[in-house]
Amino acid sequence: MSSADEDGSVPPPMDPAARRHARVMGIETEYGISALAAGSPAIAGGTGAAYIEDDLHPMQLSNHVVKAYGNSSAGQPAGWDYETETPLRDIRGYEISRSAAHPDQLTDSDLGMANVILTNGARLYVDHAHPEYSGPEVTSALDAVRYDKAGDAVMAIAAQRATQSLGRSVRLYKNNTDGKGASYGTHENYLLQRSTPFDRIVTQFTAFLVSRQVITGAGRVGIGQASQQAGFQISQRADFFEAEVGLETTLNRPIINTRDEPHADASRHRRLHVITGDANLSEIATYLKVGTAAWVLRVIEAGELGRDLRLDAPVAAMRAVSHDLTCREPLYLQEGRRTSALDLQEAYLEACRDHYERVAEDLSENMRIEAKDLFGRWQDCLDALRTDIFSLAEQLDWVAKLKLMESYRERDGLSWDAPKLALIDLQYADVDPRRSLYQALLAKGRMRRLVTDDEIERARTHPPEDTRAYFRGRMMEKFGSSVVAASWDSVIFDVPDRPALQRLPLLDPLRGTKAQVGQVIEDSATVSDLFAALGR
Amino acid sequence: MAESEQSQRKARRTEDREIEELPPTDSAHKAELDSEVDSLLDEIDDVLEVNAEEFVRSFVQKGGQ
């Protein structure tokens, strides 16, 4: 590749058949955060004194955490390009010089909150008083797992560094509620065709989101938003959904979110922002979560679901499914037919298999392999949920947690309101491998895996190769000091000897891949070389 | 419902045992499993934060998305 094409973004497009079937997606997670002031017992074996709550505002604390990681080698502080559609001269805040991008003087205009674009293409920043890791765009469920686990690794390092720099023990949790009424999200994003009627998504995807909890649930101690009732439920998030469709994400949360910010060509694409999911530690749960959702969306886009599978009362069903540990709670469709979470999942799986048969020959070899693997695991989970739920203890978070807690209940005679069970719930999700109970199970060979530690470590520092995240990540790695701002669909450079900042749009998520720009980045010693090679 | 589930599970285990017709091996296996679970719980006890009640009480979050 030697020159930029007419729209100025990074050429050339990928093979049309592959493009038609590629599904761009990503996962973003807000982590729970707390700090223990000096004097609190660090971990078991400490003094047994009371924990002393820290007086740092969670937003400041989150800021410290993001900065602590940003000062390490895998990330570069950079501004966030909030106005991706307007020319550079119109963007506020970009008259800054490169010196302003010094790690201690972050250039973000968002209230001075830290914002780091990582060399793996992810964004690490402060959102709603939580540190958030927004993973890079990927096209396969397995890559989604790699980059989701990479986010956990990022947070583990960030927590350790912040602990050192603040002199207080900083704890980060990959969960979605404090059990006292607050919830924070793990969102999935799926790029859809603009031509798909949104109403069809609402009518055909809702029952999928309601029923998939039996696979994607992370398990939770306490029933009700503030755990008003003692007990265990399948999902961390279910009790926080109060509407069927809507724009909000923090109040009156809807099952189908209508935020329409495609971060891509809005005339061709829509980004479906899925906010119902739990934060999963289990690799298999994450794999099934995004893999099955992406396939169901393919079916819906193709108009091949057949019937609508509309639930009579989706919000109530969301809770009913989460509260029923047998997975057999009857649910009712609008047409009056009785069904269940497992029957609904079975119906979606069947529709995916039928659709697969129709499109298989157009898919790449890798897509076919992943689809077959996904459908097999999906079916196995549904079968096991019908016959012996505990046989999934090594695969699904909620079952792993439930099994562990039932062992404790039996040994120690604990009731569901025992603080120890709430602690196990919380500490299962601690990102620090020394304290994480998920990691303890993993170390004992009690959780199955899909990726290796080496793959996760590589994903922490290297971008996926088949989306624009590749270009973004490589720019941060190689020319990070010249990047003054970036967003999902642009990178802005300060190029020596050029009077104005240079903005490279990346509106197409499938351009800027290694195949397209890997060589030119390799061959460019400086950012000036890069711009010359791009013909800009 | 938990009770009936449990008795169902027990019934299933009993059936399995009858089919296998190997009660001594099965109970040895069960003892092995029990001790495995015990050692897992002991290990987890070692990493759990001390004073569960205080720790859980102090974990209060601001809402997010």
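Modeller: A:H128 is partly exposed, with 18 other C-beta atoms within 10 Å, where partly exposed falls between buried (20 or more other C-beta atoms within 10 Å) and exposed (12 or fewer), the C-beta atoms being placed from the backbone. This is a predicted model, in which local features need pLDDT of at least 70 and side-chain atom pairs count only at pLDDT 80 or more, while totals for chains, interfaces and linings use all residues. Residues are numbered from 1 along each chain as its sequence is written, and chains are lettered from A in the order in which they are written.

Colleague: Where does A:H128 lie, and what is its phi?

Modeller: Most residues other than glycine have a negative phi. A:H128, in the loop between β6 (123–127) and β7 (130–134) of chain A, has a positive phi near 50°; strands here are DSSP runs of E of at least two residues, and helices runs of H or I of at least four, numbered from the N terminus.

Colleague: How should I read A:C327, and what is its phi?

Modeller: Its phi is positive too, near 60°, and A:C327 sits in the loop between α7 (314–323) and β15 (331–332) of chain A. A:C327 counts as partly exposed, because it has 19 C-beta neighbours inside 10 Å.

Colleague: How many residues of chain A are in contact with chain B?

Modeller: With contact taken as C-beta atoms, placed from the backbone, within 7 Å, 40 residues of chain A are in contact with 26 residues of chain B. On the chain A side, the elements giving two or more residues are β2 (32–36), α10 (397–412), α11 (419–428) and α12 (437–443), and α11(A) gives the largest share, six residues.

Key:
Contact = placed C-beta atoms within 7 Å.
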